[in-house]
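Biologist: I would like to learn how to read a model like this one. Could we go through it feature by feature?

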Amino acid sequence: MAENTEPEVSTTPQKRNQREKLYFENKIYALNKETSTSKYYRCVRRECSGRCIEVDKKVTLTQQHSCLVASFECDIEKARNRVKQFSLENPFVAPSRVIAEVQQEFPVSILQALPKHTSMYRSIRKWRRPEGIKEPTQRLDIVFTDEQITTAIGTSSLFHDSKDERRILIFATEGCIQVCIK
Ligand SMILES: [Zn+2]
């Protein structure tokens, strides 16, 4: 049985429908069951029989894998998860900056294997969206949070919202408009 005293448990915040992940000896596991003393993980490959258990931060392989996941694949998953973690921990850092930061932590070969930057940016935006909020398909679907339409001094920054199909939005403060009128 393989043992590792320092399992690398993903600390990525998971949404409700996602399970906590564990990286152990180049395999990726998803949390299957949890008791007060142990955590039971299964290989993320559905058809695989690989299982492991974590007790007191010690991970033990309990059932051998039938899958063949290259360690490289595991590294890519790790990098992707790191991007996710970083973007959630730093919600106001631009996606391009997030990628640049994470890039420094991984070998070039791994990063080249990640999806294209534009697709990673899309993922970052998706991860950051509060749960249950879908990507708006039309302008009318866009719902602004108070933060998005309030200036630093607490006044409204949304000057006009036509609320029709064309949804014409004008962002300006009352004060700015007055200046323009003068
Ligand atoms: Zn497996």
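Modeller: Start with the labels. Helices and strands are DSSP runs, numbered from the N terminus; a helix needs at least four residues and a strand at least two. Keep in mind that this model is predicted.

Biologist: How many helices and strands does the protein have?

Modeller: The secondary structure comes to 5 helices and 9 strands. Along the sequence, the pattern reads β-β-β-β-β-β-β-α-α-α-α-β-β-α.

Biologist: What share of the residues counts as buried?

Modeller: Burial is a count of neighbours: a residue is buried if 20 or more other C-beta atoms lie within 10 Å of its own. Of the 182 residues here, 12% count as buried. For contacts between residues at least 6 apart in sequence, 34% join residues at least 24 apart.

Biologist: Which residues does Cys-52 touch?

Modeller: Leave out residues up to four places away in sequence. Cys-52 then touches Phe-24, Tyr-29, Tyr-41, Val-59, Thr-60, Leu-61 and Thr-62.

Biologist: Next, strand pairing. How do E3 and E4 run, parallel or antiparallel?

Modeller: Count the bridges. E3 and E4 are joined by 4 bridges and run antiparallel. Lys-21 stands opposite Ala-30 in E4. The two strands form a hairpin with 2 residues between them. In the turn, Glu-25 has a positive phi of about 45°.

Biologist: What should I look for in phi?

Modeller: Most residues other than glycine have a negative phi. Asp-56 has a positive phi near 50°, and Lys-57 has one near 65°.

Biologist: Where do Asp-56 and Lys-57 lie?

Modeller: Asp-56 is in the loop between strand E6 (51-55) and strand E7 (58-63). Lys-57 also has its place in the loop between E6 and E7. Asp-56 is exposed, with 7 other C-beta atoms within 10 Å. Lys-57 is exposed too, with 11. Exposed means 12 or fewer.

Biologist: Last, helix packing. At what angle do the axes of H2 and H4 cross?

Modeller: Read the distance and the angle together. The axes of H2 (residues 95-103) and H4 (residues 117-128) come within 9 Å and cross at roughly 110°. That makes H2 roughly perpendicular to H4, since 65 to 115 degrees counts as roughly perpendicular.

Biologist: Which residues meet there?

Modeller: From H2 come Pro-95, Val-98 and Ile-99. They meet His-117, Met-120, Tyr-121, Ile-124 and Arg-125 in H4. By class, the contact of H2 with H4 has 6 nonpolar, 1 polar and 1 charged residues.

Methods: Residues numbered from 1 in each chain as written. Predicted model: local features only at pLDDT ≥ 70, side-chain atom pairs only at ≥ 80, totals over all residues. Contact = placed C-beta atoms within 7 Å. Axes fitted to C-alpha atoms, helices over the stretch in contact; angles between N-to-C directions. Parallel < 35°, antiparallel > 145°, perpendicular 65-115°, else oblique. Nonpolar A, V, L, I, M, F, W, Y, C, P; charged D, E, K, R; others polar. Pairing = 2+ DSSP bridges.
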